[in-house]
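Here are my notes for your read-through. Keep the sequence and the model open beside them.

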Amino acid sequence: MKINIARFGGFCFGVKRALDIAQKTIATDTRVEMLGDLVHNEDVITEIERAGIRRIKRIGRGAGKTLLLGAHGTALKKIQTAQRRGYKIVDATCPMVKGIHKIAQRMEQEGYAIIIIGDRNHDEVHGIVGQLNKRPLVIDRLHQFPVRAVNKIRKAAVVVQSTQNAETVFKIIDELKAYIPDVRFFNTICKPTRLRQAEIRTMPLENDVMVIIGSRTSANTQRLCQISHALNKKTYCVQSKQELRPEWFRGARSVGVASGASTPATTIQAVVDYLKRLNK
């Protein structure tokens, strides 16, 4: 059985940067807390907590403490609350996500209604929403297109959660243009996501079995799973080698291995080692 590993896998730039910031912060500050998850991977979060960074769900008293903001971005009101309560702020937001914030803020100032194409319950989307004065319209799926809300908009600026499926995004844009006279579209899907999605549109066709590695809380990983499964029903999405089953690979001549942007290299290697042992 041949094992084909995706060229674009493991940590993306934004995740690497966030982890570097976390390590540097805990090396100099003794009382560090992170609001929610720094990145969406359970193994990574466990390592961060072992290093001494405490995860919190709510902002408490911050005197003498440092608050580490996650890679997906944080609402302005939360940051302001933390500052009022005495926290020192260390911002690990991905620069590409910061770019989305700036576009949305600028276009709102220019009088455009803001539309976000993204998962309404995802941290990144919450962060974008939290940069704006008016509540934007969030569209997370084509088959539940909000015709009534869209019909009221005369001019809109559209930004996209950085890990969205490009094909779905363009279908939604076409639908928006049918209802709104003036649509300014900003394709803010990040480059690492585009490269991974482009690769995952061919790998499932070239391999008998696909394994996608990453957290179930990781939007970019789940997007890869959806694309791959549509092309190859023998697509298995796992968080680690512990979830692999030998029967998945019986009779397979080749297996493709891909991963999300917050999946550690050690987790990927463990899966590859498992597959190599099946060959013996």
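1. How far apart are the mean positions of the positive and negative charges of the chain? They are 3 Å apart, for 47 positive and 25 negative charges. Lys and Arg count as positive, Asp and Glu as negative, while His and the chain ends are not counted. Each charge is placed at NZ of Lys, CZ of Arg, CG of Asp or CD of Glu.

2. A word on the source. This is a predicted model, where local features need pLDDT of at least 70 and side-chain atom pairs need 80 or more, while totals for chains, interfaces and linings use all residues. Residues are numbered from 1 along each chain as its sequence is written, and side-chain values use heavy atoms, with hydrogens and water left out.

3. Now the overall build. The chain holds eleven helices and twelve strands. These are DSSP runs, numbered from the N terminus: helices are H or I with at least four residues, strands are E with at least two. The C-alpha atoms fill a box of roughly 60 × 55 × 25 Å along the principal axes.

4. The radius of gyration is 20 Å, which agrees with a compact globule of 280 residues, because such a globule would have a value near 19 Å. The radius is taken over C-alpha atoms, and the globule rule is 2.2 Å times the number of residues to the power 0.38.

5. Next, burial and surface. Buried residues make up 51% of the 280 residues. Buried means under 20% relative accessible area, exposed means over 50%, and partly exposed lies in between (1.4 Å probe, protein chains only). The accessible surface of the chain is about 14200 Å², with 49% belonging to carbon and sulfur atoms. Areas come from the Shrake-Rupley method with a 1.4 Å probe.

6. Contacts reach along the sequence. Of those with a separation of 6 or more, 72% join residues 24 or more positions apart. Contact means heavy atoms within 4.5 Å.

7. Look at helix α10, residues 219-231. Its 13 residues reach 19 Å from first C-alpha to last, close to the 18 Å expected at 1.5 Å a residue. The expected span is 1.5 Å times one less than the number of residues. Its buried residues include A219, L224, C225 and I227. Among the elements covering the buried residues of α10 are α8, α9 and β10.

8. Q226 and R250 are 24 residues apart in sequence and 23 Å apart in space, C-alpha to C-alpha.

9. L244 sits in the loop between β11 and β12. L244 is buried, because its relative accessible area is 3%. Leaving aside neighbours within four places in sequence, L244 is in contact with V211, V238, F249, V271 and Y274. V211 is 33 residues from L244 in sequence, yet their C-alpha atoms are 8.9 Å apart.

10. I100 belongs to helix α4, residues 95-109. I100 is buried, with a relative accessible area of 1%. Not counting residues up to four places away, I100 touches E124, I128, V159, V160, S162 and T188. I100 and C225 are 125 residues apart in sequence and 25 Å apart in space, C-alpha to C-alpha.

11. Last, I21 in helix α1, residues 13-28. Which residues does I21 contact, leaving aside neighbours within four places in sequence? They are L68, V90, D91 and A92. The C-alpha atoms of I21 and Y87, 66 residues apart along the chain, are separated by 17 Å.
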